[in-house]
Amino acid sequence: MPYDLKEIAAISGMPGLYRLVRPTRAGVIVESLDERAARSVASARNKVSLLQEISIYTQDYDQTVPLTEAFDRVYQKYGTELPVNSKSDDRDLVAFMEETIPDYDRQRVYMSDIKKLVTWYKAVSSNLEYQAAGNDSQESDNETDTESTQQDTPAADEALSTAGIISAEEESSAPANPEAATKEAVSSTGKGAKK
């Protein structure tokens, strides 16, 4: 995950972005995501929208682009310095959006949404550290490979499972019908035989 947006939120009635600090009885303590890092309380009446849960509509109605992925695309293309800001010309903002997310839905994504994307990206990129996705995935792949290798190799004192496979020797000595074998054993002993 390039930017960790789990604790970053937009709060209705409060400008800017905020880091969630801890819940209180009346709401949640938040810290502004700027150089001041001022703390305040967002009341329970305020709508708190976590950035990790926000997505951008695409032309495919069944698919959206999570904001985390959109930020990653912006970072890959422009780094932390964007060619536009929220006060840029509408044509420049649309061109920026088309370059970043070419298949975004032009009917459902409004100009105000594009301006929010730009503003939020600038706030996040200047206050959070970008984490390269490649390093994290390689480490997790290595851990997974190590775990699977350890699981495949049984310990010296561990019994091996046959996984339901019966060897040919056992199969030939076993009766074809186990039920019939029990009936034959019962009738040969004389117990349970009909008279």
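Modeller: Before we start, here's how we sort residues: Ala, Val, Leu, Ile, Met, Phe, Trp, Tyr, Cys and Pro count as nonpolar, Asp, Glu, Lys and Arg as charged, and the others, Gly among them, as polar. Also, keep in mind that this is a predicted model.

Colleague: Got it. How do the residues lining the largest pocket divide into nonpolar, polar and charged?

Modeller: The lining has 19 residues, and Ile54, Ser55, Asp113, Lys116 and Trp120 lie nearest the pocket's centre. By our sorting, Ile and Trp are nonpolar, while Asp and Lys are charged. Over the whole lining, you get 12 nonpolar, 3 polar and 4 charged.

Colleague: And what volume does that pocket have?

Modeller: Rolling a probe the size of a water molecule over the atoms shows where empty space is left. For the largest pocket here, the volume comes out at about 390 Å³.

Colleague: Which element gives the most to its lining?

Modeller: Strand 1 (8-11), strand 6 (55-57) and helix 3 (111-127) each give two or more residues. The top contributor, with 5 residues, is helix 3.

Colleague: Okay, now the inside. Which element gives the most to the largest nonpolar core?

Modeller: That core has 31 residues, and Leu17, Leu51, Ile56, Phe71 and Val124 have the most contacts inside it. Strand 1, helix 1 (67-78), helix 2 (90-100) and helix 3 each give two or more. With 7 residues, the one giving the most is helix 3.

Colleague: Leaving aside neighbours within four places in sequence, which residues is Leu17 in contact with?

Modeller: Leu17 is among the core residues with the most contacts inside it. Its partners beyond those neighbours are Ile8, Ala9, Ala10, Glu31, Ser32, Leu33, Leu51, Trp120, Ala123 and Val124.

Terms used:
Residues numbered from 1 in each chain as written. Predicted model: local features only at pLDDT ≥ 70, side-chain atom pairs only at ≥ 80, totals over all residues. Heavy atoms only, no water. 1 Å grid on protein atoms, 1.4 Å probe; cavity = no way out; pocket = protein on both sides within 12 Å on 5 of 7 lines; lining within 4 Å. Points joined across faces, edges and corners; volume = space filled by probe spheres on them. Helix = DSSP H or I, 4+ residues; strand = E, 2+ residues; numbered from the N terminus. Core = buried A, V, L, I, M, F, W, Y, C linked by side-chain atoms within 4.5 Å. Buried < 20%, exposed > 50% of the residue type's maximum accessible area, 1.4 Å probe, protein only. Contact = heavy atoms within 4.5 Å.
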